Amino acid sequence: MKRVRMRRLKVEKRTNPSAWTVFCISLVSILLAFVVIGFIFLGFGINPLEAYLEIIIETVGNSYGLSQIVWQSIPLLLCGVGLLLAFKTSFWNIGAEGQLLMGATAATWVALFSPLPEPFLIPAAFILGFAGGAVWGLLSTSLRSRFGINEVITTLMMNYIASNIVLYLIHGPWKGETMRGFAYTDQFPESVWLPTIGMSDIHWPTLLLGLFAAVCVFFILNRTRLGYEVKVVGQSPKAARYAGISYFKTIFYVMVISGGLAGLAGAGEVLGVHHMLRHSDQVSLGYGYTAIIVAWLARGNPLIVILTSLLFGAIYVAGDVLQLSFNLPFQIVNVFTGLILFFLISSDTLLKHKLSFRKGE
Amino acid sequence: MEEKKKNTPLISMRSVIKTFGGVRANDGIDIDIYGGEVHAILGENGAGKTTLMNILSGIYRADSGEFILRGSPVSIKTPKDAIRRGIVMVHQHFRLIGPHTVAENVALGLSVPFISPLKGIERTIEEFSARYNLLVHPRARICDLSVGEQQRVEIVKALIRGAEILILDEPTSVLTPQETKELFWILERMKEENKAVIFITHKLEEVLEVSDRITILRRGRVTASMPALDVKKAGRKAKEDLAKKMVGREVLLSIEKKPVAKSQPVLEVKDLRVEDDRGHETVRGLSFDVCRGEVFGIVGVAGNGQNQLVEALFGLRPATGGTITVRGDTGYIPEDRMGMGSVGELTLSENCILTGYKNSCFGTGIFFDLAYIREYTEALVCKFSVTAPSISAPAKQLSGGNLQRLILARELSRNTSLLIAEQPTHGLDVGSIEYVWKFLLEQRKNAGILLLSNDLGEVLALSDRIGVLYRGTLTLFDQPFEDKEEQIGMKMTGL
Amino acid sequence: MEWQLWVIETLRRALVYGTPILLGTLGEIYAERSGILNLGVEGMMILGAFVGFTTAFVTKNPWLGFLAGAFVGGAASLLHGFLSIHLRVIQVVSGLALTLFGLGLTGVLGRGWEGQPLKASIAELSVPGLSRIPVLGPILFTDQNLLVYIGIGLAVLLWWVLFKTSWGITVRSVGEDPRTADALGINVALVRYCCTFIGGLLAGLGGAYLSIVYRPSWTQGMTAGMGWIVIALTIFSLWHPLVAIGGSYAFGSLFYLSFRLQPWVAPELLTIMPYLFTILAPLLLHASRRLRRRMGAPGALGLPYRREEE
């Protein structure tokens with residue numbers, strides 16, 4: 001009888017994957033997600049290669065597409081940076097969506113109803129937007145600290161509540177008089193519209209805030225005591241207790257920043273894009289959820305969020321392209337994000353282990 | 001015929017080799033275990049005893065080696081294999097499910113009827129309890145039982161699984177003397193039924209009391225194997241010989257202790273009472289003080305209130321009664337080095353400021369002075385000779401000894417007036433132990449040191465005064481200790 | 001006497017509206033009891049709702065719809081199972097990914113099905129004789145559907161399996177302390193796969209109920225956070241199938257009221273009620289802390305298991 005030589009898969013622990021390995025594996029997992037989506041295209045009778053070619057031409061292939069990518073990445077950048085900070089603390093803030101909506105609501109109030117003189121309106125709208133998001137986030141924090149209620153559930157429920165509050169406002173008390181029965185608020189006065197770059201839709205003040213936030217959080221994490229507390233609390237609550245770091249104080253500050261940044265994103269959307277408050281699904285195209293992956297993909301570095309938010313900005317634009325050119329529903333974006341997340345977390349296991357074949361018996 | 005049967009080992013292990021990350025934990029071990037015997041395996045921490053037993057019970061898989069059960073070779077790849085062949089291990093940390101009842105724990109993994117599985121088991125437990133004089137109530141919840149009772153549940157669990165070879169890993173380390181006696185009685189009973197007991201320990205005295213055969217392991221190799229009777233007969237000389245084979249050096253570690261002038265107390269504890277998480281009072285009215293210039297050693301078997309005492313002293317747990325007065329700051333070297341004393345994912349320099357990060361020397365306001373922190377870390381790493389790839393490497397890459405040096409470096413450099421050291425040398429190699437001891441003794445010049453340890457040898461070597469902690473109360477001993485060693489040992493076990 | 005009719009009608013509808021929550025919660029209880037935290041319930045429910053609806057629509061047989069919905073939920077749960085059990089990923093994130101994926105996929109595939117009424121729903125039935133019992137008759141036995149009774153039956157059955165059988169001991173042990181179970185020869189991965197699969201089946205069935213019985217049509221995102229309520233309810237019910245019955249019907253009555261009170265209160269504010277209750281219910285539970293401690297979360301919930309040696 002012939003003996004078959006077997007090769008056994010050998011799994012070894014890898015302690016410190018290099019940045020290059022991390023980059024490659026992340027890239028491969030994103031590409032895998034695209035391959036799987038290709039099958040969905042096939043299911044709709046669309047040639048995947050054709051679809052991807054069309055996407056590439058319409059997104060990175062021309063200046064309008066590129067500006068659209070940047071424009072879509074703005075809320076993702078702000079929310080992503082905030083979520084990254086929360087995740088570093090091991091606080092599962094899934095509520096960026098709701099925090100964004102409350103930021104938008106607060107900014108709308110400033111734009112439509114506040115008695116402030118004109119030059120102060122935009123700064124005030126941003127400040128209140130930040131506060132709106134922060135307060136919405138802090139509700140979950142206090143429930144966690146006072147009653148030990150899991151933040152995943154509370155932050156999520158707060159998303160649904162925020163969404164319904166927005167709906168209530170636009171159908172009820174804030175319903176615009178000039179809107180002929182549509183569920184919108186009145187349009188904001190033009191003095192509170194954010195300026196855009198040239199002919200594009202990019203409302204640069206919000207973009208600038210986003211970049212500034214990324215740099216700030218980078219500094220917080222690497223240079224400040226708060227950043228240190230975040231890292232210790234996130235890695236080992238026991239060591240944090242030992243070091244005299246208060247868990248609740250830390251998550252309080254973290255959620256002020258995390259929720260506040262999402263609130264800024266919301267303010268930016270209503271001031272720079274919609275110029276009114278409208279249906280919550282239109283104010284946010286699921287930015288708060290997508291930002292989870294934006295933050296996850298950045299692997300703890302807020303500066304990388306700038307890149308990952310651009311990537312997902314591109315996916316949003318690709319969603320538009322698919323809708324216009326191939327008549328696919330925009331929901332395809334969620335399929336993308338879900339799949340990429342699946343492959344990413346699976347690749348984490350690969351990052352921690354080295355696979356190789358060895359001769360077995 | 002009878003004689004021949006007696007001479008076939010119940011199980012033989014042949015040239016067992018097991019390597020962990022380049023270290024040979026078991027380096028070609030041969031052992032024969034006979035039925036009707038208690039076979040003690042003696043060795044220091046890290047000698048490879050537990051690894052060998054984990055291999056025998058199917059939890060680890062040996063890199064190479066052979067097992068011969070009643071004359072025929074067998075392979076043991078999973079715990080299930082081992083159990084099927086009658087090999088059951090009682091781990092040092094019991095494998096019991098706290099919220100479940102005794103019967104549920106016993107029934108787990110047995111082929112019990114699908115419907116009302118506990119009825120039969122409860123009866124069986126009672127039968128076995130009666131036969132071996134093990135008092136366990138089948139419907140009691142594990143978390144409500146004492147440690148001794150939990151051990152009995154483990155033994156019942158093993159017996160009901162038809163254990164022919166019972167492995168006990170450090171079974172007496174958590175028991176009171178009375179409970180230990182009961183355990184030995186059970187072992188006698190098992191011997192009568194021609195079962196084999198493998199008894200892992202590092203305590204020489206109790207080995208002689210209970211075992212028939214002794215095998216000594218050192219650094220993964222068998223250094224001696226002999227009938228216990230021979231040792232008993234030969235007396236003190238043989239015992240010393242045994243100890244030498246176990247530790248591989250002439251005398252136990254000794255360290256020169258220069259007396260240091262004692263000054264005012266830095267810690268005063270009066271009638272301290274503390275409860276554990278379940279609301280049991282585990283520290284019951286402790287009073288003691290620690291002065292600058294001395295090591296006050298608290299020794300005791302694990303689980304007598306040490307954890308709650310330390311947590312209360314360090315302010316992590318509220319006291320339910322009494323007062324704690326600390327003059328100055330407290331440094332603390334926790335027992336749990338990786339989970340509490342350091343953060344594995346953070347770099348060495350980040351770990352170096354874990355307890356002092358609020359100190360203004362590391363930066364003003366909310367900002368850190370990274371250059372200074374780097375400098376500071378390099379100085380510490382150098383002074384305490386921590387071997388590490390770089391100061392920006394994550395702490396999880398350090399070996400146990402180096403990690404402890406890093407923690408020691410951090411806590412000693414804070415120059416606190418009180419230093420609490422909890423099991424500072426547990427699980428370290430000899431070189432590191434000596435190192436830690438030296439620095440602790442030196443620190444007496446500036447601070448009062450509270451040492452908590454399970455290891456009487458360590459406490460005797462370092463302390464200026466000793467307190468024995470037993471069930472939350474303290475008995476104090478003053479120098480000289482030479483003639484009180486036995487007395488202290490007795491107190492530890494509650495006698 | 002009108003208010004009495006109101007109460008009776010509310011309670012009767014609570015059974016109808018609470019059944020999908022009950023089914024999902026029972027499943028999640030099993031997954032979590034074995035140590036797997038599956039936050040993908042929302043995704044599995046929406047997949048079950050979509051596939052259940054389309055199957056029932058095409059075959060005109062609601063029962064095939066339930067079966068297909070359950071099966072799809074189960075299949076989706078195995079994906080989460082594989083990631084959490086074999087790849088040992090962070091279970092919170094894996095569950096979120098499943099939810100995003102499920103919502104997205106059904107949104108893409110389901111566009112053509114929106115707004116089509118389902119004719120093949122299951123009949124409402126009244127139990128002869130029993131429906132005449134005062135108070136209880138109109139609540140329990142009048143115009144109810146079979147799934148309501150199946151839900152209650154499943155709750156009792158699953159309670160019995162979990163607490164009165166040997167497999168129940170195994171499941172609970174794996175969730176409390178997988179290392180111990182493994183040392184006693186239990187196949188931890190297999191048990192966890194089974195329980196995760198049960199969780200997926202029931203979530204899928206709950207979803208199919210939504211699109212076949214509850215609102216016999218397909219709307220994108222029609223689960224509207226019900227999956228998250230399920231996860232919250234799993235905690236409030238202290239991982240106990242019988243307690244879950246009460247909790248589900250409490251939510252069921254809230255859902256009914258948020259629909260029924262619309263003439264008086266803005267519908268958006270009423271929709272908030274169940275979500276708000278989800279956040280606030282733990283506060284009630286918090287009052288009896290002793291109960292919480294005794295019946296805490298399974299010890300190894302959300303923690304991946306690996307043998308020491310690996």
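Visitor: How much space lies in the largest cavity?
Guide: This is a predicted model, where local features need pLDDT of at least 70, side-chain atom pairs count only at pLDDT 80 or more, and totals for chains, interfaces and linings use all residues. On a 1 Å grid over the protein atoms alone, a cavity is a set of points where a 1.4 Å probe fits but cannot get out. Points join across faces, edges and corners, and the volume is the space filled by probe spheres set on them. For the largest cavity that comes to about 180 Å³.

Visitor: Which residues lie closest to the centre of the largest cavity?
Guide: Lining residues have an atom within 4 Å of a point. The largest cavity has 17 of them. Closest to its centre are B:Val88, B:Met89, B:His91, C:Ala183 and C:Leu184.

Visitor: How are the rings of B:Phe128 and B:Tyr132 arranged?
Guide: Rings of Phe, Tyr and Trp (its six-membered ring) pair if their centres lie within 6.5 Å; planes under 30 degrees apart count as stacked, over 60 as edge-to-face and the rest as tilted. B:Phe128 and B:Tyr132 are 6.3 Å apart centre to centre, with 5° between the planes. The pair is stacked.

Visitor: Which residue lies over the face of B:Tyr132?
Guide: A charge sits over a ring if NZ of Lys or CZ of Arg is within 6 Å of the ring centre and within 35 degrees of the ring normal. Side-chain values use heavy atoms, with hydrogens and water left out. At 5.7 Å from the ring centre of B:Tyr132 lies B:Arg189.

Definitions and conventions:
Residues are numbered from 1 along each chain as its sequence is written. Chains are lettered from A and ligands numbered from 1 in the order in which they are written. On a 1 Å grid over the protein atoms alone, a cavity is a set of points where a 1.4 Å probe fits but cannot get out, and a pocket is an open set with protein on both sides within 12 Å along at least five of seven lines; lining residues have an atom within 4 Å of a point.
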